[in-house]
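Here is a short briefing to read with the model open. Follow each group of points on screen as you go.

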Amino acid sequence: MPGIRIYADNACDLDKEFLDELGVKLFYMPVTIKEQTYRDRLTISPPEFYRLISEPGVVPTTAQITPQEFKAEFEKVLQESNDQIIYIAFSSGLSGTYQSACVARDMLDSQRIQVFDSKSASVGYALTVIRAARAVAAGESLERVVAAIEDNIRRIEHIFIVGNFDMLKRGGRISSTSATLGNLLNIKLIAHFVDGSIFPLEKVHGLKKAKKRMLEIMAERGVNLKEQLIGISHSNDYPGALELKELVEERFDCHEFVISEIGAAIGAHVGAGTYTIFFLR
């Protein structure tokens, strides 16, 4: 009997062991650091990534997955089975990987391949992947799996604190003066996603106030939060992520969480000390 195979990429920031349990297969985007190319969570761990980029003058660069990589994997599945293929991609607003997968799909011209732009990143993206995988495991039809994916894409919220202005400066997103002032004055930038791209929301003095403000925004935008699977990601600060989880538990009585460390695909742009909450509006 034909099945449904769910694919994602490493920008979902889930460890391989967890994805194996879900039955999700991963594509890996390359990251280059000091002329050495790695595959996030495959040949470099998040802690090692943050150690390397903490060195002065080190600017990591990322690249999209090529159409050829997608084509090779999709073609193999088409030849060996009658399964349906669903690939949920890292936001097209941040990477060309979604477009690469669409090129591969069109090259193979198969009705059994569907490619979705998650319009998400990190564990926000992961929540859509998890919902799709759980629907498949529950024996849902292809139509209902697709409906679940599309519902998450429409409703997913990303509210995050940018840890350090230096990475924004290195990436050319803010000036050196703004980065220096932001760090000196302990200003925390709260940002969010709009249609798959990152936009600044507001600035807050201090991490404690920034986390409190994140929860206020969550209360304003969320619905039935107690019943949701809540996502939390962090870069190089697991204790800080646990503290954020406890704040969410206390305020909204949430019980189910996914907490994961931001890997190289996202960490190359936000650096250490970033915290994000993901939920459905």
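**Cysteines**

The structure holds 0 disulfides. Keep in mind that this is a predicted model.

- Cysteine 12 is in no disulfide, and the nearest cysteine sulfur, that of cysteine 102, is 18 Å away. A disulfide needs two cysteine sulfur atoms within 2.5 Å.
- Cysteine 12 counts as buried, because its relative accessibility is 0%.
- Cysteine 102 is in no disulfide either; its nearest cysteine sulfur is that of cysteine 12, 18 Å away.
- Cysteine 102 is buried as well, with a relative accessible area of 12%.

**Parallel strands and their crossovers**

- Strand 1 (residues 4-9) pairs with strand 2 (residues 24-27). The pairing is parallel and runs over 4 bridges.
- Look at tyrosine 7: its bridge partner in strand 2 is lysine 25.
- Strand 6 and strand 7 run parallel and are joined by 5 bridges.
- Alanine 89 has aspartate 117 of strand 7 as its bridge partner.
- From strand 6 the chain crosses through helix 4 to strand 7, and this β-α-β crossover is right-handed.
- How enclosed is strand 7 by the rest of the structure? It is largely enclosed, because 4 of its 5 residues are buried.

- In what order do the 3 strands of the open sheet stand? The order is 4-3-5, and the pairing is antiparallel.
- Strand 4 (36-39) and strand 5 (61-62) stand at the edges. Each has a single partner strand, so one side of each is left without a neighbour in the sheet.
- Strand 3 (residues 30-33) pairs with strand 5 in the antiparallel sense, over 2 bridges.
- Threonine 32 stands opposite threonine 61 in strand 5.
- In general, strands of a sheet pair through backbone hydrogen bonds, either parallel or antiparallel.

**The loop between strand 3 and strand 4**

- Lysine 34 is found in the loop between strand 3 and strand 4. Its phi is near 50°, a positive value in a residue other than glycine.
- Lysine 34 is exposed, with a relative accessible area of 51%.
- Glutamate 35 is found in the loop between strand 3 and strand 4 too. Its phi is positive, about 70°, although it is not a glycine.
- Is glutamate 35 buried or exposed? At 80% relative accessibility, glutamate 35 counts as exposed.

**Helix 3: a buried side**

- Helix 3 (residues 67-80) has 14 residues. At 1.5 Å a residue they should span 20 Å, and the end C-alpha atoms are 20 Å apart, which agrees.
- Which residues of helix 3 are buried? They are Pro67, Phe70, Glu73, Phe74, Val77 and Leu78.
- These residues cover an arc of only 140° around the axis, so they lie on the same side of helix 3.
- In general, an α-helix has 3.6 residues a turn, so residues three or four places apart point the same way.
- The face turned away from the buried side of helix 3 carries the exposed residues Gln68 and Gln79.
- What covers the buried residues of helix 3? The cover includes strand 1, strand 2, strand 6 (84-89), helix 4 (97-108) and strand 7 (113-117).

**Helix 5: largely enclosed**

- Helix 5 (residues 122-137) has 16 residues. It reaches 22 Å from its first C-alpha to its last, close to the 22 Å expected at 1.5 Å a residue.
- 12 of the 16 residues of helix 5 are buried, so the helix is largely enclosed by the rest of the structure.
- Among the buried residues of helix 5 are Val123, Tyr125, Leu127, Val129 and Ile130. The buried set also includes Gly124, Ala126 and Thr128.

**Arginine 251**

- Arginine 251 lies in helix 10 (residues 238-252).
- Arginine 251 is partly exposed, with a relative accessible area of 45%.
- Leaving aside neighbours within four places in sequence, arginine 251 is in contact with Leu215, Glu216 and Ala219.
- How far apart are arginine 251 and glutamate 17? They are 234 residues apart in sequence and 31 Å apart in space, C-alpha to C-alpha.

Conventions: Residues are numbered from 1 along each chain as its sequence is written. This is a predicted model: local features need pLDDT of at least 70, side-chain atom pairs count only at pLDDT 80 or more; totals for chains, interfaces and linings use all residues. Side-chain values use heavy atoms; hydrogens and water are left out. Buried means under 20% relative accessible area, exposed over 50%, partly exposed in between (1.4 Å probe, protein chains only). Two strands pair if DSSP finds at least two bridges between them. The expected span of a helix is 1.5 Å times one less than its number of residues. The arc is that of the directions from the helix axis to the C-beta atoms. Contact means heavy atoms within 4.5 Å. A crossover is right-handed if, with the strands pointing away from the viewer, the path from the first strand over the helix to the second runs clockwise.
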